[in-house]
Amino acid sequence: RSTVADYIVHKSPYIPKPTELPKDLSLFKYPTWTSDVIFEFEPTKNLFDETHIHNFSANLQKYKMSDKNEFLIEHYEWLDYRNNYTIDNNTFPNMSSFADRLLAKGVQLGGLLTSPQFLTNTHKHPEYDKYLLHNKHNFSLSYFDLTKPETAEFYKLLLSKVHNEYKINTFWLKSFTFWGAEFSDPLVSKYWSLFVTRYIETAFKASNATVVTEMAYKSQHLPVFTRMISYYTTSAKQMLKHLIPSVLSISLSGYSFIIPFPVGTFNDEFKSFNFNHLSEELYIRMVQATTFMPCMSFTRTPWNFTEKTVNLTKKYLNLHLEHSEVIIELAKKRIKDGTPIIRSMWYNYPDDTHAYTIGDQFMLGENILVAPVVEEKQLERNVYFPSGKWIDQHGKSFQGPLNVKIKSPLEELPYFKLFKG
């Protein structure tokens with residue numbers, strides 16, 4: 001068998017395989033909740049403190065969502081970039097002991113890094129000027145020049161301190177923009193995107209913390225998670241409908257460990273923070289659509305809706321956990337031979353011409369076919385089965401190749417396993 005994708009994934013020097021698995025495999029198993037979940041319909045208040053995070057963790061236990069969870073502090077000012085990356089003591093007066101208390105409840109902390117910035121006044125502290133980027137007039141900018149080895153080492157020390165002293169399990173790298181910089185490396189000065197690669201590499205090497213990044217230029221070789229950005233201006237229908245094509249595109253481009261769009265941000269009403277009008281249907285469909293993807297994350301809690309939403313979310317979190325070892329084995333295979341974890345239908349069936357027309361279902365490895373509902377108010381959908389015998393969750397079998405309409409009530413995610421008999 002030989003296809004263009006086969007060549008690109010297995011043989012092309014332009015898309016390298018990751019060198020190893022990410023440091024923390026629990027993100028493959030358990031959900032991440034971003035700090036947006038504690039808005040509690042009061043977006044103008046500062047709710048990013050120990051009390052509100054503690055109350056949220058209590059709700060995770062109350063509703064028995066998952067044995068383990070990651071809570072992402074997705075707040076721009078939780079770290080003081082003016083004072084050597086120290087924690088804001090007003091928000092977190094004793095971060096280390098607070099992190100220990102959360103861990104006892106099965107919750108580990110992740111922290112957002114807005115950029116490789118450093119806001120120290122270089123007039124008062126000229127010793128730091130050598131680490132910073134400068135413009136063509138030699139004025140220092142508020143970003144580290146990570147193309148300098150000594151700067152990269154200094155930045156590693158800062159992140160290592162945050163990881164060790166404050167017990168931050170995961171660094172989540174936010175996308176950012178800047179301009180007017182002159183890099184010490186002339187190649188990076190010519191191709192600014194290479195700075196992204198240096199940034200991710202430096203963050204990964206800084207400590208034992210796991211790295212998740214929204215930026216991914218030439219980072220396929222790194223054992224980091226790639227986070228898909230959710231655009232608030234995108235409508236609910238668009239976000240759900242674009243999820244599968246987006247994940248397939250990223251996966252086939254060599255980015256292996258994907259965190260898809262988070263459940264809860266993909267809503268028209270979100271733009272005005274009118275949380276009372278979140279769509280329960282679209283929330284549930286997004287939970288289902290990400291169940292068989294490498295990771296699951298949330299920006300809204302299911303208990304903002306009804307008991308039905310809570311129970312269905314738990315059902316699909318458990319289903320994801322049940323298949324997490326399959327995902328991890330596929331991640332190992334990706335490292336070994338470059339085969340993607342998430343695949344298009346045509347990738348597994350290159351001789352099936354109809355498989356090339358399917359963009360709203362995907363394969364987890366070779367044996368699991370997933371066909372989420374991606375249209376609002378849809379209670380059935382067409383599913384294409386390639387060659388082989390496929391078994392659904394109720395034990396019903398389908399002999400491919402076959403195109404058939406499947407009933408898909410809100411409670412159900414259509415998925416099928418290839419019979420190996």
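A residue is called buried when its relative accessible area is under 20%, exposed when it is over 50%, and partly exposed in between, as judged with a 1.4 Å probe on protein chains only. This model is predicted, so local features need a pLDDT of at least 70 and side-chain atom pairs count only at pLDDT 80 or more, whereas totals for chains, interfaces and linings use all residues. Residues are numbered from 1 along each chain as its sequence is written, and side-chain values use heavy atoms, with hydrogens and water left out.

The description may begin with the sheet. Helices (H or I, at least four residues) and strands (E, at least two) are DSSP runs, numbered from the N terminus. Two strands pair if DSSP finds at least two bridges between them. In this model, 8 strands form an open sheet with parallel pairing, in the order β11-β10-β9-β8-β5-β2-β1-β12. Its edge strands are β11 (257–259) and β12 (297–298), each of which pairs on one side only.

Strand β1 (residues 32–34) runs parallel to strand β2 (residues 69–73), and 3 bridges join them; T34 stands opposite L72 in β2. Elsewhere in the sheet, 4 bridges join the parallel strands β8 and β9, and L173 has T213 in β9 as its bridge partner. Strand β9 is also joined by 2 bridges to strand β10 (residues 225–227), again in parallel, where T213 stands opposite T226. Both faces of β9 (residues 210–213) are covered: T210 and V212 on one side, and V211 and T213 on the other, are all buried.

Helix α4 (residues 149–166) lies across β5 (107–113) and β8 (168–173), running at about 135 degrees to β8. For such descriptions, contact means heavy atoms within 4.5 Å, while axes are lines fitted to C-alpha atoms, for helices over the stretch in contact, with angles from 0 to 180 degrees between N-to-C directions. The expected span of a helix is 1.5 Å times one less than its number of residues. Helix α4 has 18 residues and reaches 26 Å from its first C-alpha to its last, close to the 26 Å expected at 1.5 Å a residue. Its buried residues include F154, Y155, L158 and L159. Just after α4, K167 takes a positive phi of about 55 degrees.

Aromatic rings provide further links. Rings of Phe, Tyr and Trp (its six-membered ring) pair if their centres lie within 6.5 Å; planes under 30 degrees apart count as stacked, over 60 as edge-to-face and the rest as tilted. The structure holds 31 aromatic pairs. The rings of W33 and F298 have centres 4.5 Å apart and planes at 20 degrees, so this pair is stacked. Because W33 lies in strand β1 and F298 in strand β12, the pair ties together parts that are 265 residues apart in sequence. W33 is buried, at a relative accessible area of 0%, and F298 is likewise buried, at 0%.

F292 and Y415 form a tilted pair, with 4.8 Å centre to centre and 45 degrees between the planes. F292 lies in the loop between α8 (280–290) and β12, and Y415 in strand β18 (residues 415–418), so the pair ties together parts that are 123 residues apart in sequence. F292 counts as buried at 1% relative accessibility, and Y415 counts as buried at 12%. Ring pairs also link a cluster that includes Y81, Y85, F118, F154 and Y155.

N84 is found in the loop between β3 (79–80) and β4 (86–87) and has a positive phi of about 55 degrees although it is not a glycine. N84 is partly exposed, with a relative accessible area of 25%.

G388 lies in strand β16 (residues 380–392) and counts as buried at 17% relative accessibility. P401 is found in strand β17 (residues 397–407), and the peptide bond from G400 to P401 is cis, with omega near 5 degrees. G388 and P401 are 13 residues apart in sequence and 7.2 Å apart in space, C-alpha to C-alpha. Leaving aside its neighbours within four places in sequence, G388 is in contact with F398, Q399, G400 and L418.
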